[in-house]
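My notes follow in the order in which I looked.

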Amino acid sequence: MVLRYGAEGMERNGLKPDEIRLVGGEAESLVWRQVVADIFNQPVVSPVTTEAGALNAVFQAMWCYINATTNNSDKTSLIAICNQHVKLDKSSRCEPQPDMVLVYRKIYHRYLQLEEQLKPLNR
């Protein structure tokens, strides 16, 4: 639920993805990919290489190096680097299931209600 809460914060700031790229151990599980698709009401797809923590650092380093050593017309975006080097596993794609989206939406709204009710106890 915390991930959903964070995603809503990003949406309030104008950031809404077209799909979710799931990495790590969860990306290996069809069940978990489907749950994420249903909770976020977004398609989920994983890259061929799901262990991406170190790879993310490499991409950031590439971006810094390229943009520090080239002129303005040759600068690149982090998205362009990722699109060039990350290959998606199309067989991992999960689409949200509308009936489960509704179930998770109800659970999430109940979570928010309970969180609000518990706020006075945190003082």
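For these notes I take a helix to be a DSSP run of H or I with at least four residues, numbered from the N terminus. The model I am reading is a predicted one.

Entry on Arg4. Is Arg4 buried or exposed? I noted a relative accessibility of 13%, and because buried means under 20%, Arg4 counts as buried. Leaving out residues up to four places away in sequence, I found that Arg4 touches Ile39, Phe40, Arg105 and Tyr108. I also checked Pro43, which is 39 residues from Arg4 in sequence and 14 Å from Arg4 in space, C-alpha to C-alpha.

Entry on H1 and H5. I then followed helix H1 (residues 2-12) to helix H5 (residues 98-118), and noted that their axes come within 11 Å and cross at roughly 90°. I therefore recorded H1 as roughly perpendicular to H5. On the H1 side I listed Val2, Arg4, Tyr5 and Glu8, which meet Arg105, Tyr108, Tyr111, Leu112 and Glu115 of H5. Sorted by class, this contact has five nonpolar and four charged residues, with no polar ones.

Entry on the core. I looked up the largest nonpolar core and found twelve residues in it, among them Ala7, Ile20, Leu22, Phe40, Val44, Cys94 and Tyr104. Helix H2 (residues 30-40) gives the most to this core, with five residues. I finished with Val44, which, neighbours within four places in sequence aside, is in contact with Ile20, Leu22, Arg33, Val36, Ala37, Ser92, Arg93 and Cys94.

Note on methods. Residues are numbered from 1 along each chain as its sequence is written. This is a predicted model: local features need pLDDT of at least 70, side-chain atom pairs count only at pLDDT 80 or more; totals for chains, interfaces and linings use all residues. Side-chain values use heavy atoms; hydrogens and water are left out. Axes are lines fitted to C-alpha atoms, for helices over the stretch in contact, and angles run from 0 to 180 degrees between N-to-C directions. Helices (H or I, at least four residues) and strands (E, at least two) are DSSP runs, numbered from the N terminus. Angles under 35 degrees count as roughly parallel, over 145 as roughly antiparallel, 65 to 115 as roughly perpendicular and the rest as oblique. Contact means heavy atoms within 4.5 Å. Ala, Val, Leu, Ile, Met, Phe, Trp, Tyr, Cys and Pro count as nonpolar, Asp, Glu, Lys and Arg as charged, and the others, Gly among them, as polar. A nonpolar core is a set of buried Ala, Val, Leu, Ile, Met, Phe, Trp, Tyr and Cys residues joined through side-chain atoms within 4.5 Å. Buried means under 20% relative accessible area, exposed over 50%, partly exposed in between (1.4 Å probe, protein chains only).
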